[in-house]
Amino acid sequence: MFSSLLVILTPALAENRTASLAVSAVVVPSCTVQGSAISFGNYETTPVEQTSNIGVNCSQGTAYVVSLGGGGANANARQMSGPSNATLSYALFQDASHSKLWGNAVDSNAVAGTGNGNLQNLPVYGRIPAGQVVTPGNYNEAVSITLTY
């Protein structure tokens with residue numbers, strides 16, 4: 001008679017070796033900006049006021065400055081263009097009391113802030129002053145928004 005003997009051999013693990021895997025990333029500051037239109041509606045001779053917002057979304061802790069271009073004029077004398085080269089004066093302010101103009105440079109007429117990773121709305125208070133004698137028709141202007149970060 002034969003007896004069978006089954007032997008299973010497994011290797012013995014007696015030592016460990018370790019190493020590290022380097023993982024890295026660079027988080028760069030990022031920002032986006034968007035503007036909402038200001039529609040003054042009908043103008044006769046009395047002042048017209050409207051409010052809008054500039055939306056800024058910057059990564060957490062990113063410092064930024066927002067300024068508005070003067071369009072066809074400058075920040076102190078903005079003008080919309082109309083029919084037959086006519087113009088309609090208006091102003092854009094940072095505050096509801098209309099005491100601080102939005103400027104077209106990174107200066108005291110720009111708005112500085114720090115991003116928090118969420119949309120931050122900066123108000124724009126528009127005003128067409130009273131008493132302008134202008135040609136009837138449609139008036140408009142594209143104002144550039146500059147976001148520096």
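The legends below accompany several close-up views of one protein model, which is predicted.

**View 1**
When the contacts with a separation of 6 or more are considered, 76% of them are made by residues 24 or more positions apart. Several of the views that follow show pairs or groups of this kind, and each legend names the residues concerned.

**View 1. The disulfide of Cys31 and Cys58.**
The count of disulfides in this model comes to one, and the two partners are Cys31 and Cys58, whose sulfur atoms lie 2.0 Å apart. Because Cys31 lies in strand β1 (residues 31–35) and Cys58 in strand β2, the pair ties together parts of the chain that are 27 residues apart in sequence. The link is right-handed, with 120 degrees about the S-S bond, and both Cys31 and Cys58 are buried.

**View 2. Thr62 and the residues around it.**
Thr62 lies in the loop between β2 and β3 (63–68). If its neighbours within four places in sequence are left aside, Thr62 is in contact with Pro29, Ser30, Cys31, Gly113, Thr114, Gly115 and Tyr149. One of these contacts, Cys31, is also a partner in the disulfide of the previous view.

**View 3. The largest pocket and its lining.**
The largest pocket of the model has a volume of about 630 Å³. Its lining is made of 30 residues, and those closest to the centre of the pocket are Ile38, Ser39, Phe40, Met80 and Glu141. Sorted by class, the lining has 18 nonpolar residues, 11 polar residues and one charged residue. Strands also take part in this lining, for β2 (48–58), β5 (87–93) and β7 (119–128) each supply at least two of its residues.

**View 4. Tyr139, a buried residue in a loop.**
Tyr139 is found in the loop between β7 and β8 (145–148), and with a relative accessible area of 15% it is buried. Which residues does Tyr139 touch, once its neighbours within four places in sequence are left aside? They are Met80, Ser81, Gly82, Pro83, Ala86, Thr87, Leu88 and Val134. One of them, Met80, is also among the residues closest to the centre of the largest pocket.

Ser144, like Tyr139, has its place in the loop between β7 and β8, but at 42% relative accessibility Ser144 counts as partly exposed. Not counting residues up to four places away in sequence, Ser144 touches Ser67, Leu68 and Gly69. With Ser67 the separation in sequence is 77 residues, whereas the distance in space from C-alpha to C-alpha is 8.4 Å.

Ala96 and Val124 are 28 residues apart in sequence, and in space they are 8.5 Å apart, C-alpha to C-alpha. His98 also lies in the loop between β5 and β6 (111–114), and its phi is near 60 degrees, which is a positive value in a residue other than glycine.

**View 5. Ser84, an exposed loop residue with positive phi.**
The place of Ser84 is in the loop between β4 (78–81) and β5. Its relative accessible area is 73%, and Ser84 is therefore exposed. The phi of Ser84 is near 55 degrees, a positive value in a residue other than glycine.

Note on methods: Residues numbered from 1 in each chain as written. Predicted model: local features only at pLDDT ≥ 70, side-chain atom pairs only at ≥ 80, totals over all residues. Heavy atoms only, no water. 1 Å grid on protein atoms, 1.4 Å probe; cavity = no way out; pocket = protein on both sides within 12 Å on 5 of 7 lines; lining within 4 Å. Points joined across faces, edges and corners; volume = space filled by probe spheres on them. Helix = DSSP H or I, 4+ residues; strand = E, 2+ residues; numbered from the N terminus. Nonpolar A, V, L, I, M, F, W, Y, C, P; charged D, E, K, R; others polar. Disulfide = S-S within 2.5 Å. Buried < 20%, exposed > 50% of the residue type's maximum accessible area, 1.4 Å probe, protein only. Contact = heavy atoms within 4.5 Å.
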